[in-house]
Amino acid sequence: MKSLRLTLAVVLITLSTVALAQSDAQKPVTQSDAHISAAAPVLSEAQKSFTTIKSLAGEWEGPVTVPEMPEMSGGKPLHVSMRVTSRGNALVHELQEAGTPLDATKYDHPVTMLYVDGDQLTLVHYCDAGNRPRMTGKMSADGKVVEFELKDISGSAEMHMHHSVFTLIDANHHTEDWTFMMNDKPIHAHFDLQRSK
């Protein structure tokens, strides 16, 4: 009986969509309608920044430099995967050491979500430290840098991601700078990433 109700609901939604589309198709196009459809939508600063960030969708690899911890620099390169999801409304950023399996129980594998929330470009970092810092971003005047500042954090703030900067060099090269706070001491990581796919 539930499947019959579900099927009926889907059919009714589909029919109403078709009916609305047909009624819109029968309306005469006025001069003001033509003007509205010909004009490009005006994007907010957050939407422009998000469009810039979405251009990074793909697979990336490159070295990491950590000035405060030289032993972490120059080792295995990092692999960053970015993919647009949720009908274009979110970007998933996944980070891991290159050549390691996707096993979050053994290897670091933080996930970051980027999206537009109202009039702000928002980044939520699901950290391996077990917290979720939320940052808001702004794009530079030249459209090549998007910088994120900490807004708030869920979970322990003792160790957390605090700041990040994405710099677009060209379609196949970008850098990421992440600042991690460890007991109020900043640790900076610089990723120099080349597109691998």
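Student: Leaving aside its neighbours within four places in sequence, which residues is Thr52 in contact with?

Tutor: Met139, Gly143, Val146 and Leu168 are in contact with Thr52 once those neighbours are set aside; contact means heavy atoms within 4.5 Å. The model is predicted: local features need pLDDT of at least 70, side-chain atom pairs count only at pLDDT 80 or more, and totals for chains, interfaces and linings use all residues. Residues are numbered from 1 along each chain as its sequence is written, and side-chain values use heavy atoms, with hydrogens and water left out.

Student: Why is Thr52 called buried?

Tutor: Buried means under 20% relative accessible area, exposed means over 50%, and partly exposed is in between (1.4 Å probe, protein chains only). Thr52 has a relative accessible area of 15%, so Thr52 is buried. This residue is found in helix α3; helices (H or I, at least four residues) and strands (E, at least two) are DSSP runs, numbered from the N terminus.

Student: Why does Met72 count as partly exposed?

Tutor: Its relative accessibility is 46%, which falls between the limits of 20% and 50%, so the label is partly exposed. Met72 lies in the loop between β2 (64-65) and β3. Not counting residues up to four places away in sequence, Met72 touches Val64 and Val66. The C-alpha atoms of Met72 and Ala189 are 9.4 Å apart in space, while the two residues are 117 residues apart in sequence.

Student: What makes up the largest nonpolar core?

Tutor: It has 27 residues, and those with the most contacts inside it are Ile53, Leu114, Leu123, Phe148, Phe166 and Phe191. A nonpolar core is a set of buried Ala, Val, Leu, Ile, Met, Phe, Trp, Tyr and Cys residues joined through side-chain atoms within 4.5 Å. At least two residues of this core come from each of several elements, including α3 (45-54), β8 (145-154), β9 (159-170) and β11 (185-195). The largest share, four residues, comes from β11. In soluble globular proteins, nonpolar side chains tend to be buried together.

Student: How many aromatic pairs does the structure hold?

Tutor: There are two aromatic pairs. Rings of Phe, Tyr and Trp (its six-membered ring) pair if their centres lie within 6.5 Å; planes under 30 degrees apart count as stacked, over 60 as edge-to-face and the rest as tilted.

Student: Why is the pair of Phe148 and Phe166 edge-to-face?

Tutor: The ring centres are 5.9 Å apart, which is within 6.5 Å, and the planes stand at 75 degrees, which is over 60, so the pair of Phe148 and Phe166 is edge-to-face. Phe148 is in strand β8 and Phe166 in strand β9, 18 residues apart, so the pair links distant parts of the chain. Phe148 is buried, at 0% relative accessibility, and Phe166 is buried, at 1%.

Student: What kind of aromatic pair do Phe166 and Trp178 form?

Tutor: Phe166 and Trp178 form an edge-to-face pair, with 5.9 Å centre to centre and 70 degrees between the planes. Phe166 lies in strand β9 and Trp178 in strand β10, so the pair ties together parts twelve residues apart in sequence. Trp178 is buried, as is Phe166. Ring pairs link Phe148, Phe166 and Trp178 into a cluster.

Student: Why is β10 largely enclosed by the rest of the structure?

Tutor: Eight of its ten residues are buried, so β10 is largely enclosed.

Student: In which sense do β9 and β10 pair?

Tutor: They pair in the antiparallel sense over ten bridges, where two strands pair if DSSP finds at least two bridges between them. β9 and β10 form a hairpin with two residues between them, and the bridge partner of Asp170 is His173 in β10. β10 and β11 also pair in the antiparallel sense, over ten bridges, and Thr175 stands opposite Asp192 in β11. The hairpin of β10 and β11 has two residues between the strands, and in it Asn183 takes a positive phi near 55 degrees.

Student: How many helices and strands does the protein chain have?

Tutor: The protein chain has three helices and eleven strands. Buried residues make up 30% of its 197 residues.
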